[in-house]
Amino acid sequence: MPYRLVPRIFMDKIFTPPEKTDRDGRAIFAPYPLRKVEAILTSHGFNVIVTPPEKLEKVVSKGAKVIGINTHDPLGIEPVSMKLSIIFGGGKTWTAKFFEELGEKIKKIKSKYDIKVVVGGAGAWQLEKEPPEWIDVVFIGHAEIDFPEIVKKLEEGEKVPRVVKARYPKKLSEIPPIINAARGGEVQITRGCPRGCWFCSVTPDTFISFPIDYILKEVEVNMRAGIKDVSLITDDMMLYGAKSLREVNHDAIIRLYTELKKAGVDYINFAHISAAPVKLSPRTIKEMSEIAGWNEQKAVSPVVGLETGSEKIFNKYMKMKAFPWGYNNWKDLIVEATAIMNDSYIYPCYTMTIGYPDETDEDVEQSIKLVEYIIDHKPIAWIFPLPVIPMGTSKIRDNPLPAIERLPSRYWDLLYMTWKYDLQITRKLARTITATSKNKVVRSLATYLIDKVFNNVEWYFKQLKESKGKSALSYKDLNLNTTYGVMWAIAQLFKLAFSSSG
Ligand code: SF4
């Protein structure tokens, strides 16, 4: 969200509280990508300390020569940030604000110590064109092949290009398993995706399925640190072990789930799945769910690409999305795959990519028809139309960033209808959603938002629809990190309380 709309105290106390560390500042849990970099550098003989920003100076004071930063969204322009920023009147997101604040901290550290700074991670592409001056190297891509060499050169004071585009590993033997616990029990099971969508950043990756022994080794590392749940990192759960897009490797997936359960994993979650292989092998979905023990209280909500209803956009930017079927089967494929998933307690979060330079209102009209068709079948699914982002490793990287004036005007109708449906589903699943959080305050806040706030903000989305997004600009100066902003927010909450009790 734009930082002006979420008071700092919420971030500090609830959403991004300080990470736990040991006495030396080592993080107890860290994001999986950082754990991967740690494993790679350690296997090359480097002494690595993974630490959160708040402990950085303490760690640096012990003689570090290079600071490496993993960033997901340093400028606040990844798809969800961009959407929320556009629909709430713009401004810097919290991700961008935190990155800026980290930059200030590093400038101070650099004034005291002779140290180099390299920034990588999924969002590093955002810094490629204009890296801030405190960054010595922007590293784009995976770390296995080129990162150790870059770090060595930085340590030894050799010259390194300002932006490095890394080579991709092609063999499993080049990718060491993690050696310390990843936050949320994350474990990667596949890399890459052969469907080759133009807007997608994983397209250049060589497709790899990690063997079960390798995965279990990483799960064990997480379990030793007390994490009983596993979150499988994959761009498509159904691709695990696949030799082609024509066939799901049912046995490999079922063996994986069975072994995870045997290892003592409590809850199995996964990040992404595609609709086509769900229809190819419904029995795989059913068995996965039975082994994992998903039910109404313990369901999963992976992200699934819905993208578009437009034939032109589909065939140009994501031709393989429905393979082994094609565009003509797209809408029925989605409806059937959703029903199969819903029967097994998989509640998809469908994401759409809207705003390609050649996308017209007619194309969005076809997307609206697709969404209407899906909603008519009353699935348990959310639908999020996101502005398409020209990510740095995708084929559309030279496209302009989305903006209100560049989105097709019918985008706002699509946003309004999906908002209304998403709200219905959120209310229906309120108990499941709030049950997933172990934090009492977050649980109460989520319940309050669902019960009182979301229900009363339909007018906001209606205004967006009627003004084609321009109404968002009337709130561009609202800042809940100022006294006036807080007073305004309290007044609105009173209004909501009275309107809902009346
Ligand atoms: S199907 Fe998904 S992961 Fe695969 S290329 Fe397309 S967007 Fe990327």
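The following dialogue explains how several terms apply to this predicted model.

Reader: What are the ground rules for the model and its numbering?

Author: Residues are numbered from 1 along each chain as its sequence is written, and side-chain values use heavy atoms, with hydrogens and water left out. The model is predicted, so local features need pLDDT of at least 70 and side-chain atom pairs count only at pLDDT 80 or more, while totals for chains, interfaces and linings use all residues.

Reader: Why are α13 and α14 called roughly parallel?

Author: Helices here are DSSP runs of H or I with at least four residues, strands are runs of E with at least two, and both are numbered from the N terminus. Axes are lines fitted to C-alpha atoms, for helices over the stretch in contact, and angles run from 0 to 180 degrees between N-to-C directions. The axes of α13 (residues 361–376) and α14 (residues 411–428) cross at roughly 15° and come within 9 Å. Angles under 35 degrees count as roughly parallel, over 145 as roughly antiparallel, 65 to 115 as roughly perpendicular, and the rest as oblique. The pair α13 and α14 is therefore roughly parallel.

Reader: Which hand does the crossing of α13 and α14 have?

Author: α13 passes α14 in a left-handed crossing. A crossing is left-handed if the near helix is turned anticlockwise from the far one by less than a right angle, and right-handed if clockwise.

Reader: Which residues make the contact between α13 and α14?

Author: Contact means heavy atoms within 4.5 Å. On α13 the residues are Val 364, Ser 367, Ile 368, Val 371, Glu 372 and Ile 375, and on α14 they are Tyr 411, Asp 413, Leu 414, Met 417, Thr 418 and Tyr 421. By class, this contact has eight nonpolar, two polar and two charged residues. Ala, Val, Leu, Ile, Met, Phe, Trp, Tyr, Cys and Pro count as nonpolar, Asp, Glu, Lys and Arg as charged, and the others, Gly among them, as polar.

Reader: What makes α4 and α14 roughly perpendicular?

Author: α4 (residues 79–87) packs against α14 at an angle of about 100°, with the axes 13 Å apart. That angle falls in the range for perpendicular, and α4 and α14 are therefore described as roughly perpendicular. Lys 83, Ile 86 and Ile 87 of α4 meet Tyr 411, Trp 412 and Leu 415 of α14. The contact of α4 with α14 divides into five nonpolar, no polar and one charged residue.

Reader: How do α7 and α8 pack?

Author: The angle between α7 and α8 (residues 250–262) is about 30°, and their axes are 11 Å apart. That makes α7 roughly parallel to α8. The crossing of α7 and α8 is right-handed.

Reader: Why are β5 and β9 said to stand at the edges?

Author: Two strands pair if DSSP finds at least two bridges between them. The open sheet has three strands in the order β5-β8-β9, with parallel pairing. β5 (186–188) and β9 (268–270) each have a single partner strand, so one side of each is left without a neighbour in the sheet. Three bridges join β8 (residues 230–233) to β9, and Leu 232 stands opposite Phe 270 in β9. Helix α7 (residues 212–224) packs on this sheet, touching β5 and β8, and its direction makes about 165° with that of β5.

Reader: Which residues surround the ligand?

Author: A residue is near a molecule or strand if one of its heavy atoms lies within 4 Å of it. The residues around the ligand include Cys 193, Cys 197, Cys 200, Asp 235 and Lys 321. By class, this shell has five nonpolar, two polar and three charged residues.
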